[in-house]
Amino acid sequence: GDDNSGRKVITFSCCRMPPSHQLNHTRLLEYLKYTLDQYVENDYTVVYFHYGLKSLNKPSLKWLQTAYKEFDRKYVSKIFVLLSMIFNSLLTISFSFPRYKKNLKALYVVHPTNFIKILWNIFKPLISHKFGKKITYLNYLSDLREHLKYDQLNIPQEVIRHDENLRGKQKGKLPSVVKVPPPRPPLPTQQFGVSLQYIKDKNKGELIPPVMKETVSYLKRKGLQVEGLFRRSASIQTIKDVQKLYNQGKSVNFDDYHDIHIPAVILKTFLRELPQPLLTFECYDHILGITSVESSLRVTRCKQIIQGLPEHNYIVLKYLICFLHMVSQESIYNRMTASSLACVFGLNLIWPLKGTASLSALVPLNLFTELLIDFYTNIFNSRTAPGE
């Protein structure tokens with residue numbers, strides 16, 4: 001979700017940590033790195049749910065030391081070390097000053113114990129005052145509503161029950177359920193957060209959504225050779241302003257913003273905010289199986305999966321992948337190979353119906369996307385869209 005300033009939110013729930021002897025700590029480390037890598041180039045917020053951390057699921061000191069070495073400056077090691085301190089009550093790892101620490105704007109520690117607060121006060125002199133101001137203790141989940149979009153968070157039921165128990169002890173009874181007003185119906189000109197069918201119906205049957213057509217066309221003209229295209233961030237407020245213009249049916253001139261990365265971010269945001277992923281929930285399990293297919297047969301398997309898409313999804317996907325293939329062809333200039341683009345777009349094209357993609361799912365999802373981009377001509381050559 002987003003906080004009240006439009007920054008992306010990363011959550012960490014201790015109750016989801018399995019017993020240490022059952023956890024593959026190497027894979028956990030890779031997952032943490034992968035998750036942070038998607039956000040550290042932009043302003044972001046971390047919410048840490050402390051409830052559920054027990055002696056059985058605390059990472060060992062050896063693993064924390066390995067993790068600290070693995071997290072270079074890009075991954076804001078200070079944050080990770082701080083969480084490590086909370087995990088194990090160990091302060092053997094020193095606090096460093098990573099290059100990108102400024103991009104972490106807030107760290108919310110929910111349901112902190114007194115011991116955590118005591119430790120923090122003891123070691124506060126070792127931490128910069130500027131970083132210390134980013135940390136906020138929240139005793140109850142309701143306190144989060146003041147800072148971010150609470151309803152967007154995927155909060156474990158264990159944490160919710162713990163919060164209810166804490167409030168019950170305080171007031172002598174459980175709190176009443178807060179009624180959430182129903183969401184507003186979308187505008188007739190809405191582009192973000194509505195289905196492809198909705199956009200088609202409101203745009204005289206046009207199959208390619210206007211926001212996608214305009215961003216792709218602009219990037220084709222002016223962005224193909226821009227280094228780091230789709231990897232760089234843009235002003236969060238500007239992105240929200242552009243989204244608002246599109247949703248209101250107003251024209252957008254990207255030249256006015258003097259930043260080629262704005263249309264790139266808008267394109268990714270559009271895909272990510274679709275109610276159903278472009279590759280559809282039905283294809284999720286089929287895509288996960290791509291790694292079990294013999295290498296020489298994977299392109300054929302990709303084609304089979306794509307052929308099963310609804311016609312509208314197929315047409316929009318073909319339009320997008322054609323463009324991404326063009327971007328990859330300019331990788332000598334933009335440094336965005338098919339593999340790099342797959343890492344950026346994989347989770348914007350497909351995600352599970354419930355929850356988020358697991359660490360084990362990232363490899364097949366990105367591989368599938370990479371194959372689509374690399375072998376665009378072979379995969380999309382046997383199904384003709386109307387008007388082609």
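Is Asp255 buried, partly exposed or exposed? In this predicted model, Asp255 turns out to be partly exposed, with a relative accessible area of 32%. Asp255 also takes part in a salt bridge with Lys222, and the closest N and O atoms of this pair are 2.8 Å apart. Asp255 lies in the loop between α9 (236–247) and α10 (261–272), while Lys222 belongs to helix α8 (residues 210–222), so the pair ties together parts that are 33 residues apart in sequence. Lys222, for its part, has a relative accessible area of 43% and is likewise partly exposed.

Lys213 is partly exposed at a relative accessible area of 35%, and Glu206 is partly exposed at 41%.

The salt bridge between Arg167 and Asp163 has its closest N and O atoms 3.8 Å apart, which falls within the 4 Å limit used to define a salt bridge. Both residues sit in helix α6 (residues 157–171); because they are four residues apart there, about one helical turn separates them. Arg167 counts as buried, at 13% relative accessibility. Asp163 is buried too, with a relative accessibility of 7%; the cut-off for this class is under 20%.

Attention can now pass to the packing of helices. Two packed helices are described by the angle between their axes and the distance between the axes. For α8 and α10, the angle is about 150° and the axes lie 9 Å apart. The two helices are therefore roughly antiparallel, as angles over 145 degrees are placed in that class. Their crossing is left-handed. On the α8 side, the contact is made by Val211, Met212, Thr215, Val216, Tyr218 and Leu219. The residues that α10 brings to this contact are Pro263, Ala264, Ile266, Leu267, Phe270 and Leu271. Sorted by class, the contact comprises 11 nonpolar residues, one polar residue and no charged residues.

Helix α10 also contains His261. With a relative accessible area of 11%, His261 is buried. Once its neighbours within four places in sequence are left aside, His261 is in contact with Val226, Glu227, Gly228, Leu229, Arg232, Ser233 and Ala234.

Note on methods: Residues are numbered from 1 along each chain as its sequence is written. This is a predicted model: local features need pLDDT of at least 70, side-chain atom pairs count only at pLDDT 80 or more; totals for chains, interfaces and linings use all residues. Side-chain values use heavy atoms; hydrogens and water are left out. A salt bridge is a side-chain nitrogen of Lys or Arg within 4 Å of a carboxyl oxygen of Asp or Glu. Buried means under 20% relative accessible area, exposed over 50%, partly exposed in between (1.4 Å probe, protein chains only). Contact means heavy atoms within 4.5 Å. Axes are lines fitted to C-alpha atoms, for helices over the stretch in contact, and angles run from 0 to 180 degrees between N-to-C directions. Angles under 35 degrees count as roughly parallel, over 145 as roughly antiparallel, 65 to 115 as roughly perpendicular and the rest as oblique. A crossing is left-handed if the near helix is turned anticlockwise from the far one by less than a right angle, and right-handed if clockwise. Ala, Val, Leu, Ile, Met, Phe, Trp, Tyr, Cys and Pro count as nonpolar, Asp, Glu, Lys and Arg as charged, and the others, Gly among them, as polar.
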